[in-house]
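Hi,

Here is the structure I promised to pass on to you.

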Amino acid sequence: MIIRTGTLTASGIVRGSALIENRWFQLMFGITLSSLLPVFVLWMIWPDQIVATGTMLHSAVASFSAFVVGLLWYRRLAAHPGIQGIENVVMSFLVTFGVAVGVLFILRFDYSRIYLLSGFTFTITGFAWLASRLGQVEHPHFHVAPFGNVERLLKLPEASWTIMTEPVVPAGRDAMLVTDLRADIPDDWESMLADSVLAGLPVFHVKQIEEGLSGRVDIEHLAENQFGSLLPRDGYRRVKVVFDWLLAVLLLPFLIVPFAVVAVWIRLDSPGPVFFRQLRIGSRGKPFKVIKFRSMVNRPVTPATEREAAMTQSDDARITRLGAVLRRYRIDELPQIINVLRGEMSWIGPRPEALSLSLWYQKELPFYQYRHIVKPGVTGWAQVNQGHVVDLNDVHDKLRFDFYYIKYFSPWLDLLIAIRTARIIFGGFGAK
């Protein structure tokens, strides 16, 4: 068995020895930017504030805390594909420094605006530079040992590939290798892979690279023991239930007036009810009725047409003029806050499918029902990567995104999905 010797991040494949990827380097680099350089700025511009012990202490603690939390956020987000390095930097430190200033303001502590602004500016600039350096390997190149199931890698546009024709260690200290380590590899190729590891070159398993680059977990050969590794973390699942409910309670009062406006608009736009209710499959396979704003013409559905009616195609003729706007900006999904309050849904998770579609997919796709191990969500990993799909082949890919979410179930992945959802809402990606 070959041991992997590299680090896989969303910003690219980085050699394990890379200094700028080292967490201790990033910590010391950030402390210099967020805590030490602002003192020099104050000494140059406003030296009187340096002697204000309380002001300096509050400012230094706030800036240091904002940096440390932002660094943790930055590194956690970078563990998943789908977010650009500089975007990650801006999002992480903008929020943490903003929260730090908010806490100081609420607690009425004296603080130096110049100190905090300098710390924020230096931190953003410094880590944007680091992200740009890491971004140089954002489209990595791999040498592929041609054994086992490696053909699927060649279809991934996130990297480039060179198929090796002879068992010779690739030239260059930045070379990276990938192969199917579960395949029957000839002895001379095994020896070459071992020599590569000894030379300090990372050797990756095909499944690891595919997951890291595509954000999908392969479901074609799931064995029984792998299901155990895909169990979501129970501790975070319990915390998430409380957070979902609290967020829904806090948001509901602010949504009442917009809901009323949309409701009146729907009634004026086309005849029929304001809300659309549909039976869908939830956590543990339990059916529930999802609530959405109606965005289509109101037509009766029979058992014979139920599956077809549940499929929304591109430029679907049933979508009303107002419905197209509601769907583009996901406004039609907002009434699902009621499902969240009832405990039937989470804000983030695999999207619930209509009962008729779910039963069909379960017959056609292996392990489909396993996606029901977590609560369905208003938005999810598949939605921010793929959009709305109904075709079996597309649903198969969607299931791989769902399995990735279950495998890496964490607050950091949920945070990444929330960020990408906000970005998508303004762009209308994946709406049908």
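**What I found**

Arg-108 sits in the loop that links α3 (85-106) to α4 (113-134); helices here are DSSP runs of H or I with at least four residues, strands are runs of E with at least two, and both are numbered from the N terminus. Arg-108 is not a glycine, yet it has a positive phi of about 60°. It is also exposed, with a relative accessible area of 75% (exposed means over 50%, buried under 20%, and partly exposed in between, using a 1.4 Å probe and protein chains only).

Before you go further, please keep in mind that this is a predicted model: local features need pLDDT of at least 70, side-chain atom pairs count only at pLDDT 80 or more, and totals for chains, interfaces and linings use all residues. Residues are numbered from 1 along each chain as its sequence is written, and side-chain values use heavy atoms, with hydrogens and water left out.

Now the overall picture. The chain has 15 helices and ten strands, and 48% of its 432 residues count as buried. If you take the contacts (heavy atoms within 4.5 Å) with a separation of 6 or more, 74% of them are between residues 24 or more positions apart.

Next, the hairpin. Strand β7 (residues 275-281) pairs with β8 in the antiparallel sense over seven bridges; two strands pair if DSSP finds at least two bridges between them. Five residues lie between β7 and β8 in this hairpin, and Arg-284 in the turn has a positive phi of about 60°. Across the pair, Phe-276 stands opposite Lys-292 in β8. Why is strand β8 (residues 287-293) described as largely enclosed by the rest of the structure? Because five of its seven residues are buried.

Val-290 belongs to strand β8 and is buried, with a relative accessible area of 0%. Leaving out residues up to four places away in sequence, Val-290 touches Phe-276, Arg-277, Gln-278, Arg-280, Gln-336, Asn-339 and Met-345. Val-290 and Met-345 are 55 residues apart in sequence, and their C-alpha atoms are 8.8 Å apart in space.

Val-389 is in a loop, the one between α13 (381-385) and α14 (392-407). Is Val-389 buried or exposed? It is buried, with a relative accessible area of 8%.

On to the cores. A nonpolar core is a set of buried Ala, Val, Leu, Ile, Met, Phe, Trp, Tyr and Cys residues joined through side-chain atoms within 4.5 Å. The largest one has 48 residues, and Trp-381 and Tyr-405 touch the most other members. A second, separate core has 18 residues, among them Tyr-74 and Phe-127.

A search of the whole structure finds one cavity of 30 Å³ or more. On a 1 Å grid over the protein atoms alone, a cavity is a set of points where a 1.4 Å probe fits but cannot get out, and lining residues have an atom within 4 Å of a point. The volume of the largest cavity is about 30 Å³, counted as the space filled by probe spheres set on the points, which are joined across faces, edges and corners. Its lining includes Ile-281, Pro-350 and Val-374.

Enjoy exploring!

Key. On a 1 Å grid over the protein atoms alone, a cavity is a set of points where a 1.4 Å probe fits but cannot get out, and a pocket is an open set with protein on both sides within 12 Å along at least five of seven lines; lining residues have an atom within 4 Å of a point.
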